[in-house]
Amino acid sequence: MHLISDKLRDSTNTFAKEIQALLNGTIASHVQIKAVALPTRGGDRLFALGHLINRHTMTAERFPLKPRATKTELWMDVSYQLKLDDEGEHLMVKQSFFGVFGSKDAKEGLFHYDYERNKPDNYPDAHLQVYGRSEMFLALNDPREDSGRCMAQLHFPVGGKRFRPCLEDVIEFLAVERLVQTRDGYEKVLQSGRDGFRRRQLLAAMRRDPEAVEVFVDRYGLPGTVRS
């Protein structure tokens, strides 16, 4: 158990450094991503991760971005819960949250991406919620069950546990839609981080579906081989 705990702590600290470098190298400044061990839940050891996370409340602080528009505020909320996978080998995201808000304490904002592995309700594990208003949506609400339900309560599926958006995708959205100021060379930082995320997800998918790997090897051969 001691070795597993060390592996989880070391992997979490490495991941925290990666997230901190990503944010400070693209759209933020002076973000400090910290990791805190959560109380044991059913035998799983968990770490919470976020900007200046509070050890007592296990809540991460929002950090400011620099909007391109003047006289406005924009704050970002990034948090994770991490554990080792069932084999105790690889770091796994149990939960994540990426949100953009108009102030440090605002209840509503622009949007947020949520991921909760094996979410217990009927909503998708990975989903997007947007703060907005749609007259068409209001008209579609069933008055017997959903009267008054707002746009922000819709959970848009976004790829499930394996192919969900990564933090780099959210940062890219804010940049290309000209909502925030970016750092010089941010594109290279984004691409490097996204390549790493997608490679890890691909390897995880291969571990969970060895039959698909066998089909691929049978059809295309091993990397570096030439098939006639």
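**A surface patch and a strand in a predicted model**

Author: In this predicted model, Leu202, Leu203 and Met206 make a nonpolar surface patch of about 260 Å².

Reader: Which helix does Leu202 lie in?

Author: Leu202 is part of helix H5, which covers residues 186-208.

Reader: And is Leu202 buried or exposed?

Author: Leu202 counts as exposed because its relative accessibility is 51%, and the cut-off for exposed is over 50%.

Reader: Let us turn to strand E4. How many of its residues are buried?

Author: Nine of the ten residues in E4 (residues 75-84) are buried, so the strand is mostly covered.

Reader: How many bridges join E4 to strand E5?

Author: Ten bridges join E4 to E5 (residues 91-101), and the two strands run antiparallel. Within this pairing, Tyr80 has Ser96 in E5 as its bridge partner.

Reader: What lies between those two strands in the hairpin?

Author: Six residues lie between E4 and E5 in the hairpin, where Gly88 takes a positive phi near 70 degrees.

Reader: In which sense do E2 and E4 pair?

Author: Strand E2 (residues 47-51) pairs with E4 in the antiparallel sense, over four bridges. Gly50 stands opposite Ser79 in E4.

Reader: What about E3: over how many bridges does that strand pair with E4?

Author: Strand E3 (residues 63-64) pairs with E4 over two bridges, in the antiparallel sense. Here Pro64 stands opposite Trp75 of E4.

Reader: Where do side chains point in a regular strand?

Author: In a regular strand, side chains alternate between the two faces of the sheet.

Notes: Residues are numbered from 1 along each chain as its sequence is written. This is a predicted model: local features need pLDDT of at least 70, side-chain atom pairs count only at pLDDT 80 or more; totals for chains, interfaces and linings use all residues. Side-chain values use heavy atoms; hydrogens and water are left out. Patches are made of residues with over 30% relative accessible area and no salt bridge: like charges are joined within 9 Å, nonpolar side chains (Val, Leu, Ile, Met, Phe, Trp, Tyr) within 5 Å. Accessible areas come from the Shrake-Rupley method with a 1.4 Å probe; for residues, only the protein chains shown count as cover. A salt bridge is a side-chain nitrogen of Lys or Arg within 4 Å of a carboxyl oxygen of Asp or Glu. Buried means under 20% relative accessible area, exposed over 50%, partly exposed in between (1.4 Å probe, protein chains only). Two strands pair if DSSP finds at least two bridges between them.
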